[in-house]
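Here are my comments on the model you sent over, written as I clicked through it. Have it open next to you while you read.

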Amino acid sequence: MNKSLNHPNDELLTAYSAGSLPLSQALCISTHMEHCQSCGQKLQRLNRVGSQLMQQLKPSPASAELKSRLLDQLDALTEEQSPAEAKPSEPDSSIPRCLRQFVENGYENLPWRRVSTDIHSVELCRDSNGARVELLKIRPGGSATTHTHLGDEYTVILEGSFSDDSGLYGQGDFMVKGAQDKHTPVATQDRECICLAVTEGPIQFTGFMSRLLNPFIRRSYA
Amino acid sequence: MPGMTKQLNSGEKLAQMSQCITEVAENRDKASFARLFDHYAPLIRAYSLAREPAANLVADELVQEVMTRVWLKAAKYNPRLANLNTWIFTLARNCRIDYLRRNSRYATEIDPTDIFNDMEDEGPGPFQLVQQSRVEENIRAGLKQLPREQSEILTKVYLEGKSHQQASDELKLPLGTVKSRVRLALKKLEVLVPR
């Protein structure tokens, strides 16, 4: 079903399982995993490693006071709903659960901003490490112009598909581009392509015309 | 239970605790919850202290958070997806992520609740693991046989919550060495099987 998917590497999955991954990257992994059973299974095995390591720790006794305080509170506890639980979307919604905190009413109702003829973008949030979390929308057949990044760029395809020098990517595909990787994603002709993109530093467009744009684009990352 | 002081092995203990979580889920049984607390609270504290030694208040806060979720989410826990120990580990990890986020110098609005919900029924696709217990046993036995240098790194990564880069700085080892030790260790535990 998903043998052709592009996956996060083992290092990223391990950090995700251990809880040491920046949340913006974890968001990408989680989005990918909604489409990928094999990464889900790997994650479950990785979680078992953490569980076994925890079992082998020397227990540090909790005070009787902590226990009785908690037991006394049990009847008064009420569950807080997560953002996705609080806003259940249509059952047929294709918006990944972990993104529903940012996308309440479908992709089309987001405040998209025009980046170029071919691309619109909307910033969802920033991570505490400064990484920018955004959605990119490329029109059918449109090109995201050649660009490089100052930091790594994590991308997961949410809708549609695109191709670049290294191949064709479709829904659920996950990829990381390093600072040195230049690439020119082109959306397929049949439909627009929407991606989740996390960038650790400002994107730099390297095409001839878009070089002129760079000062402005960079400013929006300030 | 008075008179039941026999030392249980880890499998028996897990079976006993699994009974308790069922009692909590189905009957809201506080005595069973107290037994879960007795077993898991010291481990949760140890997990917290592994990252922040001597931070006893932080450790107690983590116990409070995790055990609160155990009480509230017991009915959502699905033993087919993960055994109870693994569920508790993921709850502790998730609570720690949330604690760090709330106390971070630079705030972020990313809410981790819907990101790390892989253990609940309505989470992203119920992945069922074949031969659960065999995997479990491989990992348990494998951990004991790992060379010290490899288990040391796994401890840094999983319990102390260090990134590979931080582990490399602390152990004064090249980043590549840290990465390959983690990889080797996970390979021996048969966690990273080829697709």
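Predicted model: local features only at pLDDT ≥ 70, side-chain atom pairs only at ≥ 80, totals over all residues.

1. Everything below is computed from its coordinates, with local features taken where pLDDT is at least 70.

2. **Chain B, overall.** Of its 195 residues, 38% are buried. If you look at the contacts in chain B with a separation of 6 or more, 55% of them involve residues 24 or more positions apart.

3. **Chain B, domains.** Chain B splits into domain 1 (1-121) and domain 2 (129-195). Taken over C-alpha atoms, the centres of these two domains of chain B are 22 Å apart. Where they touch, five residues of domain 1 of chain B are in contact with four residues of domain 2 of chain B. On the domain 1 side, helix H2 (residues 30-51) of chain B gives the most, with three residues. By type, that side of domain 1 of chain B holds two nonpolar, one polar and two charged residues.

4. **Contact between the chains.** Chain A puts 56 residues into the contact and chain B puts in 68. On the chain A side, several elements each supply at least two residues, including helix H1 (10-18), helix H4 (64-73), helix H5 (83-86) and strand E2 (119-126). H3(A) gives the most to this side, with 18 residues. The chain A side divides into 24 nonpolar, 19 polar and 13 charged residues.

5. **One helix pair across the contact.** How do the axes of H3(A) and H6(B) cross? Helix H3 (residues 37-55) of chain A and helix H6 (residues 148-158) of chain B have axes that come within 10 Å and cross at roughly 100°. H3(A) is therefore roughly perpendicular to H6(B). The residues that meet are A:Val49, A:Gly50 and A:Leu53 from H3(A), and B:Leu154, B:Thr155 and B:Tyr158 from H6(B). Sorted by type, this contact of H3(A) with H6(B) has four nonpolar, two polar and no charged residues.

6. **A buried helix in chain A.** H2(A) is worth a look too. In H2(A), 11 of the 11 residues are buried, so this helix is largely enclosed by the rest of the structure. Among the buried residues of H2(A) are A:Leu23, A:Gln25, A:Cys28, A:His32 and A:Met33. Helix H2 (23-33) of chain A is also among the elements that supply at least two residues to the side touching chain B.

7. **The six-stranded sheet of chain A.** Which order do the six strands of the open sheet take? They run E1-E2-E3-E10-E5-E8 (chain A), with antiparallel pairing. Strand E1 (113-114) and E8 of chain A are at the edges, each with a single partner strand, so one side of each lacks a neighbour in the sheet. Strand E3 (residues 132-138) of chain A is joined to E10(A) by seven bridges, running antiparallel. A:Val133 sits opposite A:Val198 in E10(A).

8. **Strand E5 of chain A.** In strand E5 (residues 153-159) of chain A, six of the seven residues are buried, leaving the strand mostly covered. E5(A) pairs antiparallel with strand E8 (residues 174-177) of chain A over four bridges, and six bridges join E5(A) to strand E10 (residues 193-199) of chain A, also antiparallel. A:Val156 is handy for checking both pairings: its bridge partner in E8(A) is A:Phe174, and its bridge partner in E10(A) is A:Leu196.

9. **The three-stranded sheet of chain A.** Another open sheet has three strands in the order E7-E6-E9 (chain A), with antiparallel pairing. Its edge strands are strand E7 (167-169) and strand E9 (186-187) of chain A, each pairing on one side only. Strand E6 (residues 162-164) of chain A pairs with E9(A) in the antiparallel sense over two bridges. In E9(A), A:Ala187 is the bridge partner of A:Phe162.

Terms used
Residues numbered from 1 in each chain as written. Chains lettered and ligands numbered in written order. Domains from an automatic or database assignment. Contact = placed C-beta atoms within 7 Å. Nonpolar A, V, L, I, M, F, W, Y, C, P; charged D, E, K, R; others polar. Buried ≥ 20, exposed ≤ 12 C-beta atoms within 10 Å, placed from the backbone. Pairing = 2+ DSSP bridges. Axes fitted to C-alpha atoms, helices over the stretch in contact; angles between N-to-C directions. Parallel < 35°, antiparallel > 145°, perpendicular 65-115°, else oblique.
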